[in-house]
Amino acid sequence: MERQGSLCLKVKPTRLLLFSFTLFSSIFFLSFFTISLSNSSPHTLSPISLSNSSPNTLSPISLSNSSPNTLSLNLQPISLSDSSPNTLSLHSFTHNNFTPANFSFLIDNRLSRTLNRSKDEVKMVKGCDLSNGHWVFDERYPLYATDSCPFVDEAFDCQGNGRFDSNFTKWRWQPQHCHFPRFNATEMLELIRGKRLVFVGDSINRNQWESMLCMLLSAVKDPKRVFEARGRKIVKEKGNYSFRFLDYQCTVEYYVSHFLVHESKARVGQKRRPTLRIDAIDHGSSRWRGAHILVFNTAHWWSHYKTKAGIYYYQEGTMVHPRLNVSTAFRKALTTWASWVDKHINSKKTQVFFRTSAPSHFRGGNWNSGGHCTEATHPLKETLNTTYPEKNVIVEEIIKRMKTPVTLLNITSLSEFRIDGHPSIYGRKTRSTRIQDCSHWCLPGVPDTWNEMLFFHLQSRLE
């Protein structure tokens with residue numbers, strides 16, 4: 001017994017020493033770790049918050065290793081889904097090294113949002129038909145006021161020409177099962193910083209171009225720093241403009257081209273007649289080259305009498321066709337355009353868009369035979385046309401065969417509802433009920449939505 005007692009006395013001091021050493025080491029390590037955290041500057045700790053409205057939401061720690069000698073922590077909210085209750089995971093880490101264990105981690109707040117947004121947007125573009133949806137009345141619209149934008153010419157300035165109702169400016173397009181973000185003029189200007197955004201086409205594309213100018217101007221602090229490169233005012237008779245946004249070193253341009261191919265003249269019998277060279281690109285095409293974003297369209301002028309009749313009008317080489325079907329001519333012209341794009345456009349530098357045809361809403365006749373849309377003050381509940389326009393079908397077929405990627409801005413069906421969006425008798429200051437405009441669009445108005453679609457596609461291609 002004495003032997004056992006003496007042995008116990010000898011062991012106890014050793015245990016006490018070991019315990020003291022362990023305790024001292026732990027305190028020293030925790031103190032050093034705390035000082036390291038307090039000195040780290042990239043991020044700060046924030047408390048975890050649990051919301052009653054979202055009981056399945058908590059805030060995991062987000063780790064960043066921006067500096068080789070510092071460790072920083074950031075708390076980020078993350079939502080737990082019932083469909084995937086076991087997807088949360090945690091990272092084991094060392095001072096200079098992170099190794100994934102069972103859990104997935106948020107990295108940095110901004111980077112995490114960027115990565116998540118790009119993945120979501122890719123899914124939205126691939127799995128979302130922007131053209132399928134409905135119009136929602138929204139008091140937050142329009143995106144700009146007519147009196148704050150000097151770029152709307154008389155033909156589209158409906159309120160300036162005496163239209164008193166304003167509800168037509170307050171409709172927002174909502175695609176089915178898709179998140180369609182509101183247009184952000186500042187972000188759009190950043191997207192085109194140092195670039196050329198070019199619209200090429202007929203007067204409906206001019207409609208969209210003027211809309212874009214007004215939408216972008218709303219984010220410019222000093223409007224005087226936005227001007228036409230040659231000092232020209234927008235008038236209906238002229239068709240080539242380049243507006244500079246000095247603060248962003250970018251230009252927003254428009255070049256008129258009714259058919260995208262060359263309008264010419266040829267001798268037919270004893271007379272020289274106007275013809276359309278469906279085998280030759282528009283002679284102004286040199287201005288399109290070098291653009292970073294190109295938005296094309298053609299459709300409006302293909303419904304005029306001489307293009308529909310096709311009698312001694314369509315020309316290939318030196319031959320003027322005595323008669324050619326308008327759909328055949330349209331396909332040949334678009335094939336000529338597609339060949340030019342594939343030959344002259346570098347897809348690594350330039351994004352190409354083609355906007356589909358915009359509908360007209362003449363009732364009781366055409367534009368020159370008493371057609372009208374004066375009484376329309378609200379969108380239609382059902383569209384008038386039940387068939388998809390043949391010109392759009394041809395455009396889609398040709399785009400699919402091109403080697404250059406072309407994004408289709410399909411605005412036809414969504415615009416079909418908007419009989420209320422046309423100038424009607426308010427396309428000029430001196431109003432007349434005899435000739436109404438039920439083809440073009442008031443600004444602010446429907447073309448703003450077309451530009452929101454363009455903005456959506458440009459955003460989705462960031463990553």
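Reader: Of the 463 residues of the chain, what percentage count as buried?

Author: In this predicted model, 46% of the 463 residues of the chain count as buried. The chain has nine helices and 19 strands, and among its contacts between residues at least 6 apart in sequence, 71% join residues at least 24 apart.

Reader: How should I read a nonpolar core, and which residues of the largest nonpolar core touch the most other members?

Author: The general idea is that, in soluble globular proteins, nonpolar side chains tend to be buried together. Here the largest nonpolar core has 57 residues, of which Met-188 and Val-252 touch the most other members. The elements that give two or more residues to this core include the helices α3 (185-191), α4 and α9, together with strands such as β9 (196-201) and β12 (250-256). Helix α4 provides the largest share of this core, eight residues. If we leave aside neighbours within four places in sequence, Met-188 is in contact with Phe-183, Leu-197, Met-212, Leu-216, Phe-455 and Leu-458. A second, separate core has 35 residues, among them Val-198, Tyr-255, Tyr-313 and Val-341.

Reader: Where is Ser-211 placed, and is this residue buried or exposed?

Author: Ser-211 belongs to helix α4 (residues 203-217), and Ser-211 counts as buried because its relative accessible area is 0%, where buried means under 20%. Its contacts, apart from neighbours within four places in sequence, are Tyr-144, Leu-443, Pro-447, Asp-448 and Asn-451. With one of these, Asp-448, the side chain of Ser-211 makes a polar contact of 2.5 Å. As an example of separation in sequence set against distance in space, Ser-211 and Val-152 are 59 residues apart in sequence, while their C-alpha atoms are 7.6 Å apart.

Reader: How do I read a cavity, and what is the volume of the largest cavity?

Author: Rolling a probe the size of a water molecule over the atoms shows where empty space is left. In this model the count comes to one cavity of 30 Å³ or more, and the largest cavity has a volume of about 60 Å³.

Reader: Which peptide bonds are cis, and which residues other than glycine have a positive phi?

Author: Most residues other than glycine have a negative phi, and most peptide bonds are trans. In this chain the peptide bond from Tyr-141 to Pro-142 is cis, with omega near 5 degrees, and Pro-142 lies in the loop between β7 (133-137) and β8. The bond from Leu-443 to Pro-444 is also cis, with omega near 0 degrees, and Pro-444 lies in the loop between α8 (412-416) and α9. As for positive phi, His-177 has a value near 60 degrees and sits in the loop between β8 and α3, whereas Tyr-312 has a value near 45 degrees and sits in the loop between α5 (305-309) and β16 (314-316). His-177 counts as exposed because its relative accessibility is 78%, while Tyr-312, with a relative accessible area of 34%, is partly exposed.

How values were computed. Residues numbered from 1 in each chain as written. Predicted model: local features only at pLDDT ≥ 70, side-chain atom pairs only at ≥ 80, totals over all residues. Heavy atoms only, no water. 1 Å grid on protein atoms, 1.4 Å probe; cavity = no way out; pocket = protein on both sides within 12 Å on 5 of 7 lines; lining within 4 Å. Points joined across faces, edges and corners; volume = space filled by probe spheres on them. Helix = DSSP H or I, 4+ residues; strand = E, 2+ residues; numbered from the N terminus. Buried < 20%, exposed > 50% of the residue type's maximum accessible area, 1.4 Å probe, protein only. Contact = heavy atoms within 4.5 Å. Polar contact = N/O pair within 3.5 Å; in protein donor to acceptor, adjacent residues only side chain to side chain. Core = buried A, V, L, I, M, F, W, Y, C linked by side-chain atoms within 4.5 Å.
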